[in-house]
Amino acid sequence: MPLDLKSLEEKWQRRWSEARVFEADPDPNKPKYYLTVAYPYPNSPQHIGHARTYTLADAHARYMRMKGYNTLLPMAFHYTGTPILAMSKRVAAKDSELIDVFVNLYGVDACLIDSFKDPLNIARYFHRDIKLGMQAMGFSIDWRREFTTIDPAYTKFIEWQFRKLLSAGLITKGSHPVGWCPSCMSAVGQHDTKGDLEPEVVEFTAIKFRMGDISLPVATLRPETVFGVTNIWVNPNAKYVEVEVDGERMVVSESSLQKLKGMMPKIERVRDLAGTELVGRRAVNPVTGSEVPVLPAEFVDPNNATGVVMSVPAHAPYDLLALRDLKSNSDAIRSYGIDQRAIAAIEPIPVVALEGFSTVPAEDVVKRLGVKDQHDPKGEIATKELYQKEFHQAKMLPTTGEYANMPVSKAKDRIKQDLVSSRRAFLFYEIINGPIHCRCGAEVTVNLVEDQWFINYADESWKEKVRKHLKSMSLVPDDLRQEFENVVEWLKEKACARRAGLGTRLPWDKEWVIESLSDSTIYMAFYTISRVINERNVDPSSLTDEVFDYVFFGKGDPSALPIERGVLEEMRREFNYFYPLDSRHSGRDLVPNHLTFFVFNHVAIFPEQYWPRQIAVNGSVLMDGKKMSKSLGNIIPLHKAIKIYGADTLRTSILSASELLQDADFSDSQAKSIRSRLMEFYDLSCSYADAGALDLASADQLDKWIISRVQRVVLQVDSSMQCLRMREAIHCAFYTLQQDLQWYMRRRGNRCSDPKTRSIIKYVLESIVKLMAPFAPHICEEIWEMFGREGFVSVAPYPSADQSLIFEKDEIAEDLLKSLVCDTAEIIRVTGISPTRICYYTSPKWKWEIYLKALSALDSGVDPKSLVRALMKDPEIRKRGGEAAKFINTISSCVITLPKEERKKILRNSGIDENAFIGECAGFLSEYFKCKVEIQSADSPRYDPKGKAGQASPLRPAIYVE
C-alpha cells in the first residue's frame, strides 16, 4: 500500500504540537539561537514563491535546534498599511477582476466575498489561511508569540519606538518628494503598490532656457554639463502645453503637467501646442548666454520628466549619435524649415577633462564600443560607462569659470544649487521605475507633501553607526555586503506615515498612521515578550514607555511601574536571554528598504550588545523558468501545492533548486521526481528497519569505506549548513550518500541480507535521516520512529563526524576501483566490444616511488613548472634515465591538478597495494562486466598482446579488453 503523505504529515504535525517541541523558553543551561523571517501581509494566500524564504528560515531553525541550541522561530501577521483597505474598496465597488481572483485563484468561498467589504475580514481570512499553510508545511514555529500589528499591545510598542526616534532627533517634518496615490491622497511605498514595487524617486534639475518671455525647462541628471549644450531636443510628434506658475510661463509636455501639479500646486494650463511649433526656434542658455536651436528628435520621451532635453554631444553618446543622424537626414531638416548649414556647423563643446580621453569623450567611447547609431543598444552601455567615469574621475575645464578644475562629483551639486537658488532652474522629481500603480488602481505620481513626517535616514552620524555595524555583521551570502553599503549611502528621508490605512497612529500627531515599512523594523524585540503578554493577559494600557524602558534597557524602578513585578521580570528575562537576534531571513527585494531600515532602527534604539548579528537573503522562485504572475496563471497557492505534492516534497524541491541568491526554478516534473526519490528512500528504509546495531569490530575494507564516506558527507553537509548553502547540503546528504550506499550494496551483491551488512546499511540510512530532517522532517520522523529511536529526530543531536571512523586507505582503494570500472566501461562503449576477457596491469614499484616523490615535492612547495627538473635531481630517479623522465612528463599534469588534500591523503598512506586490492575485487569486476578478469603487475605481465602494461601509472592501471 503506497505511503499516504497527507496522513503522515498531519500525524507528525499533531505530535510536535502535543509535545510542544518548538516552544522555546529561556534556559540558562543551553545556548540560544534566535531567528526570524518577515511576517506576512494577509491580503492573499501564500504561494510557492513565499514558501522559499520561510522554508529556508525553518530549515535553518531545525538545523540549529539539532545542533543543540535552544532555538526560537516566532511568527506574527502584518496588518499595517493601505493594500487591504484598497481591496475592500474594490470589493465594495463589485470589482469583478478582484472577485474572480479571490474565488477562482485563491479559493475563497463566494458566499464570503460580501464580508470582505470590511478590510479586517480580509485580513482575518488570509491570516488564518497563511497560518494553516505554515503549519501544513511543518514550520517549527513557537505560536505562543503570535500577534498582529494592529493589536493594542503592539501599538503601544510602536508608539514607544517612535517616541524614541523623535527624542533622538531622527524624525523630521517638512516638504519632501514622495511616491503619491492621487486617488488615496496618500504617500505610497513598496507595500502599497501592485507588484510590491518601491517608487524610486529621482531628482532632475530643470534648467530654464529662455525663448523670449517663455522658458523651456530642460530636465537633466547632469546639470554640470550645461556649459556644453549645443541644442535642445523636443519630440515633434508629442503634445506640449504652455503653463503658468507664480507669473512665469513655461512649455512642457502634456504628461509633465500632471506631474508638476504635485510639485507646483498653483500651476495653470494656458494653451496647448504641438511639438512642431517649437522646432526651429532658438533658446538662450541661462549659464553661457549663447543661443541654441530647438531641434526635432523622436527619441525624446514626453512621459519622461519635462519632455524637453538638452543636447551635450561632447559628453552624452546619445546626443552625439542623434546629432550625426540628423545631419545626415537633409530631408528631415528641410521639412522643418531649418537651415541645413546651421545644423552642419554644430560641433561638440567640451565641458570636463577626463584622463585617457580626448576633448570629446563621447566620441571616444562610441568608437571603442562600435556604437552605430542612436538605436544601437550599445549606446546605453556607452552612456553608463562615460557617466560613471566622468562623475568619479573628471574635472571641470577652465571654460566653466568659477567651477574650473573642480571635480565633477562636487561641481554637479554646486552648479545645481547655484541654478536653483538663482531661479534659473527648479527641481523636478520623477519616478524612474514607473509606471507604478497603487493597489487601488491609480498610477503613482510624485508629490511634494507638506507637513509630511519622515524618518531621517540621511542623518550622517546615524549612517556612520550603521556602516560600522555592517562591517561586523554576518551577511549571507557575503556578496550582498556592497549592496547594503550602497543602500546606506543613498538612503535619504523616508516618509514614515500615511493619512489612511491600518496601523498605529503617530503618538504626537493622530491624523497620521505609521506606514508598513516603518512599523516593522524592530518587532523582533516584541516577539521576545509577546508570549508573556499573551499568556499573562497583560493590559495593553499598562505598557507605558517606562515599562518598555525597563524591559529592554533595565532602566527605572520596576516597583513604580503599572505591571506586576513578576511579570515584568519574566519579560525582561525573555528579552535578555533571546536578544540580540542571531539571524534575519528575507528576500533580496527587501535589501533597499526593510532589511536596511531594520539595521538602522536597531542601531538607533538599542545598546550595541543587542544589535542584530546576521542577515540571510534569498532570491525569488520561478515557475518552469518564468516569473510567477496572475496574468500567466502560474501562481499556485501554498495550500493547493501541499495537496498536490506534499510538504516534504515542496520543501526539498524549493531548497534544492538553487543556492541563496539564485532564483529557484520550481517545476512539476522536478517536484514529482523528488517525491519519487523520497518514497524510494522510505521504502529502502523500511527494508532495513529491523537491522541490528553497528559492529565495527568485524568491519572489512568495504564496510570501512562506506562508514568513512558517512563521516565525509557529515562534515560537508555541516559545513554547507553553516553557510546556508542548502542546495549543496541536500545534494550531499540525499543524493551523494545514497549513491555511495548503492555502490556499497552493489559491491556486497547477494550478501546484503547478512546481519552485519544490514546493520551497516541501516547506519547509513539513519545518518541520511538525521541530515535530511531539516528539509523533509515528516518522512524523517516516520523513519526515525520505524528504526526504533526515541523521541523526535527534529530534536535529536545533529550528526557529527568521528575522525576515528575516517579510513583514508580504504577511501583511496575504493576510489581506485570506481574509476577502474568507469574507465573500463568507457573503453567498452567506445570500441563496441562485447568483452570476453579484461586484463588490468598495475603500476610497478618504481613508478609508485616516483609518483610519491612528485606528490611530496609539490606538497613541499616546488613550483609545478619545475617539477620534472626537481625530480630528475634525485639520484635514484636519474638511474632510470629517459624512462623516468618520460614517466614524470606523463603524470605531471595529473599530480599537479590533484586537489591538495588528496595529495596529502595519498602521501599519508604511502599509496596502496594495487595488485592485492584489485585482485580481491576480481570477482566483483568479473560479475560486473560478465567476463573473465585478470590482474597482473605491469613489470612482469603474463599476457599483454597489445603492450598495454607500459601505460600503467599509480592509481591508473592499464586496461586491455578483448
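**Cavity and pocket linings**

The lining of the largest cavity consists, by class, of 6 nonpolar, 1 polar and 2 charged residues, where Ala, Val, Leu, Ile, Met, Phe, Trp, Tyr, Cys and Pro count as nonpolar, Asp, Glu, Lys and Arg as charged, and the others, Gly among them, as polar. This is a predicted model, in which local features need pLDDT of at least 70 and side-chain atom pairs count only at pLDDT 80 or more, while totals for chains, interfaces and linings use all residues. Residues are numbered from 1 along each chain as its sequence is written, and side-chain values use heavy atoms, with hydrogens and water left out.

On a 1 Å grid over the protein atoms alone, a cavity is a set of points where a 1.4 Å probe fits but cannot get out, a pocket is an open set with protein on both sides within 12 Å along at least five of seven lines, and lining residues have an atom within 4 Å of a point. The largest cavity holds about 50 Å³ of space, the volume being that filled by probe spheres set on the points, which are joined across faces, edges and corners. Its lining includes Arg-52, Leu-56, Ile-654 and Met-726.

Turning to the second largest pocket, we find about 860 Å³ of space and a lining of 34 residues, with Gln-13, Leu-132, Gly-133, Gln-135 and Ala-136 nearest its centre. That lining divides into 14 nonpolar, 8 polar and 12 charged residues.
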